[in-house]
Amino acid sequence: MKIAVNTRLLLKNKLEGIGWFTYESLKRIVLSHPEHQFYFIFDRPTNDEFIFADNVTAVVIGPPARHPILHYIWFEISIPRALKKINPDVFVSPDAYLSLASKYSDLIVIHDLNFEHFPEHMQWLVRNYYTYFTPRYAKKAKRIATVSEFSKNDIIKQYGIDPKKIDVVYNGANELFKPIHKEDIKLIKDKFTDGDDYFVFVGALNPRKNLQNIFKAFDQYKDRYKTNAKFVVVGVKMYWSEEIKSVYEKMKYKTDVIFTGRLEPDDLSKVVGSAIALVYASVFEGFGIPIIEAYNAEVPVITSNVTSMPEISGDAALLVDPSSIEQIADAMHKISSDKAFANSLVEKGRKRRADFSWEKTSESLWQSILKTNDNNQN
């Protein structure tokens, strides 16, 4: 079988959520199936570390697609030309984009439909591109993979897709996330918070992540319980809205909020593993990889009771209403003050994390590829 893959998000030292999904799943699939030929299609010169084995051929086509206009050119002009030369049995696109002009069997991975629910959280051109093309991609694709039952049901409801066409392929989590030794925890605290305990948030800093309410809750928690705890925020200011900016600038304890920017995986695993808890109270998630990373690091999790987060966290996290500042503040206090409760969450997290691994992700995605090829033959 010849399998072409959109690998434009495999960028050296710049892997984000979908990039990690692509990297971890494809690496395992390629190595497990040397009998098949893979064509990785990049939008810029690539790095050898992404050519996982001899059965991978790199195909570089322009233009670099990082803007809706360039997306259109790349997917509707460059991709069809490349696929015509490759003549693949299956074209896999892990980043929710397809080519409407392509005539080959497609497997698209749609991670979530947040833009349908919170369009105001995106710039208008990007939002309009997603809302116009995604339903058309979903209808054109031979199969769809998505990362949770919640997202599967959302795709069915929003676009009227046959449930039999959609496979749930859960994410895994980086294996670097492990329990941290006390000596290392002290070093991390000394480096980032002058030795103080801290809560941690991980993710792109955009309105969907609910930082405005988390900041308010942290202020309330600090004010009510007179604690020295800090709040470490890890991520890039993807869409630092006026609301988030305004809430932050008005914080009473904003000097106790530490922004690290993007961290390399090794540093990130240590920062998460040294925290009191992960605070991940988003208003919308298709999955929420940081939840599983915290479970791997044996750190308690505070997350939201909406969208995919209850499904992914199971019974191993403290669930809150993301619109309730009071609930988020109370959750911070509960975990920081009740050691037995915090330990019970960690123990449940140890069990829950067994359900998620990149090995399981890659096997599920491979089964989706096989079904796509079967559909092509039928």
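Trainee: Which residues have the most contacts inside the largest nonpolar core?
Mentor: A nonpolar core here is a set of buried Ala, Val, Leu, Ile, Met, Phe, Trp, Tyr and Cys residues joined through side-chain atoms within 4.5 Å. Buried means under 20% relative accessible area, exposed over 50% and partly exposed in between, with a 1.4 Å probe and protein chains only. The largest such core has 88 residues, and those with the most contacts inside it are Phe-40, Phe-199, Val-200, Phe-215, Phe-231, Val-271 and Met-332.

Trainee: How many residues does the other core have?
Mentor: That core lies apart from the largest one, and among its residues are Ile-61, Phe-91, Ile-108 and Ile-144. Its residue count is 30.

Trainee: Before we go on, what kind of model is this?
Mentor: It is a predicted model, in which local features need pLDDT of at least 70 and side-chain atom pairs count only at pLDDT 80 or more, while totals for chains, interfaces and linings use all residues. Residues are numbered from 1 along each chain as its sequence is written, and side-chain values use heavy atoms, with hydrogens and water left out.

Trainee: Which residues does Phe-199 touch?
Mentor: Contact means heavy atoms within 4.5 Å. Leaving out residues up to four places away in sequence, Phe-199 touches Tyr-221, Ala-229, Lys-230, Phe-231, Val-232, Ile-276, Ala-277, Val-279, Met-332 and Ser-336.

Trainee: What radius of gyration does the protein have?
Mentor: The radius is taken over C-alpha atoms, and the globule rule is 2.2 Å times the number of residues to the power 0.38. The C-alpha atoms fill a box of roughly 65 × 40 × 35 Å along the principal axes. For 378 residues, a compact globule would come near 21 Å, which agrees with the protein's 21 Å.

Trainee: What percentage of the residues is buried?
Mentor: Let's look at the chain as a whole. Its secondary structure has 14 helices and 13 strands, where helices (H or I, at least four residues) and strands (E, at least two) are DSSP runs numbered from the N terminus. Among contacts between residues at least 6 apart in sequence, 67% join residues at least 24 apart. Of the 378 residues, the buried share is 55%.

Trainee: Is Leu-125 buried or partly exposed?
Mentor: Leu-125 is found in helix α4, residues 124-140. Its relative accessible area is 33%, so Leu-125 is partly exposed.

Trainee: Where is Glu-120, and which residues does it touch?
Mentor: Glu-120 has a relative accessible area of 47%, so it is partly exposed. Its place is in the loop between α3 (114-117) and α4. Not counting residues up to four places away in sequence, Glu-120 touches Arg-127 and Tyr-239.

Trainee: Which peptide bond is cis?
Mentor: Look in the loop between β3 (56-60) and α2 (68-86), where Pro-63 lies. With omega near 0°, the cis peptide bond runs from Gly-62 to Pro-63.

Trainee: What relative accessibility does Asp-194 have?
Mentor: Asp-194 is found in the loop between α6 (182-193) and β8 (198-202). Although not a glycine, Asp-194 has a positive phi of about 55°. Asp-194 counts as exposed because its relative accessibility is 70%.

Trainee: And what is the phi of Asn-13?
Mentor: Asn-13 is found in the loop between β1 (2-6) and α1 (17-32). Asn-13 counts as exposed, at 52% relative accessibility. Although it is not a glycine, Asn-13 has a positive phi of about 60°.
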